[in-house]
There are 2 protein chains.
Amino acid sequence: MTQNLSIYDRSVVLITGGLGFIGSNLAIRLAEQSSAEIRIVDSLHPSCGGNPHNLAGITRPVKIHRFDLREISRLREVVSGVDVVFNLAGNVSHTMSMEDPRTDLRNNVEAHICLLETCRAVSPRARIIYSSTRQCYGRAQRLPVDEEHPIAPVDINGVNKYAAELYHRIYYHVHGLETCCLRLTNTYGPRQFIRNAKQGIVGWFFHQVLCGEEIVIFGDGSQVRDLNYVDCVVDALLIAGKHPRAAGQVYNLGSTETITLLELARQIIEIYGKGSYRFAPFPEESRKIDIGDYFGSFARIREEMGWTPRITLREGIRRTLDFYERNRSIYL
Amino acid sequence: MTQNLSIYDRSVVLITGGLGFIGSNLAIRLAEQSSAEIRIVDSLHPSCGGNPHNLAGITRPVKIHRFDLREISRLREVVSGVDVVFNLAGNVSHTMSMEDPRTDLRNNVEAHICLLETCRAVSPRARIIYSSTRQCYGRAQRLPVDEEHPIAPVDINGVNKYAAELYHRIYYHVHGLETCCLRLTNTYGPRQFIRNAKQGIVGWFFHQVLCGEEIVIFGDGSQVRDLNYVDCVVDALLIAGKHPRAAGQVYNLGSTETITLLELARQIIEIYGKGSYRFAPFPEESRKIDIGDYFGSFARIREEMGWTPRITLREGIRRTLDFYERNRSIYL
């Protein structure tokens, strides 16, 4: 599935969190394959994953605005005239949200109220794609988890991300904004912040193996996950940004290649050609918010908008290792 | 069901929003029927329903602290040493939450993160009862609505109240705080802010009839509701504050006496002995967030903790009219 992005050629696109992991990959793709006007807002808040180096390889210059979405007056300027907003800004760390829930609230909830209010005021016809998360489901009551699964987030980050998702849906139903929410599962790949374990265990596995450290597996590593390579998530965002059916909808992403965390560690080591792993007891603060096994159904987005992940796990791991190997000084 | 409140005699009780509608009724009851130490925090934020006159009839003095829950240093002082927190502070207006979502967020979400973090730090053994709302369900997919009904709030207030409910549940599961959430339905009675329609339609019906105005019914008035007289809600709070089964639980309140809004208007007029009503088109901003018919099942709290509403609708209306008639200058 290679997308033809000429549909974006005459569009003005705003990417919030555009210096972050997914945002920067999206900006690079759009810059390469379309002539869209690309605007980026990023606060580079230290608790988030933004990194100015993430746009190092971009093929043409884009306008980068560094401010917090809560600065309404500046936000009005960059939102003015946009056709599509990819609203990716926010905190992703579950453990940090438990340590500092108020910061998570500001970045994951208040910021989005500001964005939605501003869109409503100055660009009410813009399509807005919000990166929600499977974390809203909490511990799976059935597998695979579809969009009708009960909501029961187990940590503050999950609550806050879900609250912002609901805002997007209400702004569609009440104010007619064309919002669409994608519930992302574990996403991995180039340009993720992997210098510590806070942004997720998968990136941390890559960090450990690339730094010659033993991969530490909490518990027995039997928890099942589904993973998406970042390019596949970018595919989904770009489809949702233009698809006529997306407005007002919520879609899971996901993968048919489910894998245990132990098997994932083994596969990363095998593909890298060296490395080792060891087991360790679950740290208390992680155990309490662990969700056990998870994999989602992405049947809805496949059937309604034709998205499927196109990069195999093996290929994704290979590309990811390659990228960080080539950019050690920036990311490791 | 008359409660014996001697169980509270040696307790230190904190009521957030204690100058508001439900909080003041709770404080008055506790002051009258127990020797509990009662502490009240209220910001008297103009968007909330607090009113210093609400405690006019209290039988013994209580300590009132006027500040915003987000002022952590002051909060630490009043939370220190408490046994039970009745966490009732917040905004209740659905329409105001749509007009000013950021204020609703501050008062209904950020304030509660501050309260929970403070309890965790200085009074981790305190029981915390949170007044949640049936608004988290949105439009009923089945009637009566029980606690397993899907979550789909239709306005910002509903999202924010639900986010705070989830915080309370997470602080139980992760940090062991003894939180309990009651999902209140329409509550009416003495000490409600009824000077405008923002705090709910039922209070506004009382205002209109007491001021000699026609009761204005939006649409055809056929929407079904369940109502609780405030004393019955106070019963539920006081049970939950001490019941061994309450920790970590979520309970609907409700009533077996369901009634349409039209029938409610007629009954208020009949009991008051004069008045009239007329129909009017639904204002656009109310229609968009209207939930249609609603009544909840309160089987869970009845079975687990023995609560049922004890004041009939007719008796509740009579007492409410009496109260406002006697206190016209303050409330009308």
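This is a predicted model: local features need pLDDT of at least 70, side-chain atom pairs count only at pLDDT 80 or more; totals for chains, interfaces and linings use all residues.

Author: A cis peptide bond, with omega of about -5°, joins A:Leu143 and A:Pro144. In chain B, B:Pro144 is likewise found in the loop between strand 5 (127-133) and helix 5, and a cis peptide bond with omega of about -5° joins B:Leu143 and B:Pro144.

Reader: What makes A:Arg191 count as buried?

Author: A residue is called buried if 20 or more other C-beta atoms lie within 10 Å of its own. A:Arg191 has 27 other C-beta atoms within 10 Å, and therefore it is buried. This residue is found in the loop between strand 7 (186-188) and helix 6 (201-210) of chain A, and it has a positive phi of about 80° although it is not a glycine.

Reader: How do you know whether B:Arg191 is buried or exposed?

Author: The cut-off for buried is 20 or more other C-beta atoms within 10 Å, and B:Arg191 has 27 C-beta neighbours inside 10 Å, so it counts as buried. B:Arg191 lies in the loop between strand 7 and helix 6 (201-210) of chain B, with a positive phi near 80°.

Reader: Why is the relation between chain A and chain B that of a two-fold axis?

Author: A rotation of 180° with 0.0 Å of shift along its axis superposes chain B on chain A, with an RMSD of 0.0 Å. That is the relation of a two-fold axis. Of the residues of chain B, B:Ala163 comes closest to the rotation axis, its C-alpha being at 3.2 Å.

Reader: How do you know through which surface the copies meet?

Author: Because 100% of the interface residues of chain B are also interface residues in chain A, the copies meet through the same surface. The contact takes 22 residues from chain B and 22 residues from chain A. On the side of chain B that touches chain A, helix 4 (101-122) and helix 5 (156-173) of chain B are the elements that give two or more residues, and by class this side has 16 nonpolar, one polar and five charged residues.

Reader: What makes strand 7 (186-188) and strand 11 (258-260) of chain B edge strands?

Author: Chain B has an open sheet of three strands in the order 7-9-11, with mixed pairing. Strand 7 and strand 11 each pair on one side only, and they are the edge strands. Strand 9 (residues 224-229) and strand 11 of chain B run antiparallel and are joined by three bridges, and B:Val224 stands opposite B:Thr260 in strand 11.

Technical notes: Residues are numbered from 1 along each chain as its sequence is written. Chains are lettered from A and ligands numbered from 1 in the order in which they are written. Copies are superposed by least squares on the C-alpha atoms of residues with pLDDT of at least 70 in both. Two residues are in contact if their C-beta atoms, placed from the backbone, lie within 7 Å. Helices (H or I, at least four residues) and strands (E, at least two) are DSSP runs, numbered from the N terminus. Ala, Val, Leu, Ile, Met, Phe, Trp, Tyr, Cys and Pro count as nonpolar, Asp, Glu, Lys and Arg as charged, and the others, Gly among them, as polar. Two strands pair if DSSP finds at least two bridges between them. A residue is buried if 20 or more other C-beta atoms lie within 10 Å of its own, exposed if 12 or fewer, and partly exposed in between; C-beta atoms are placed from the backbone.
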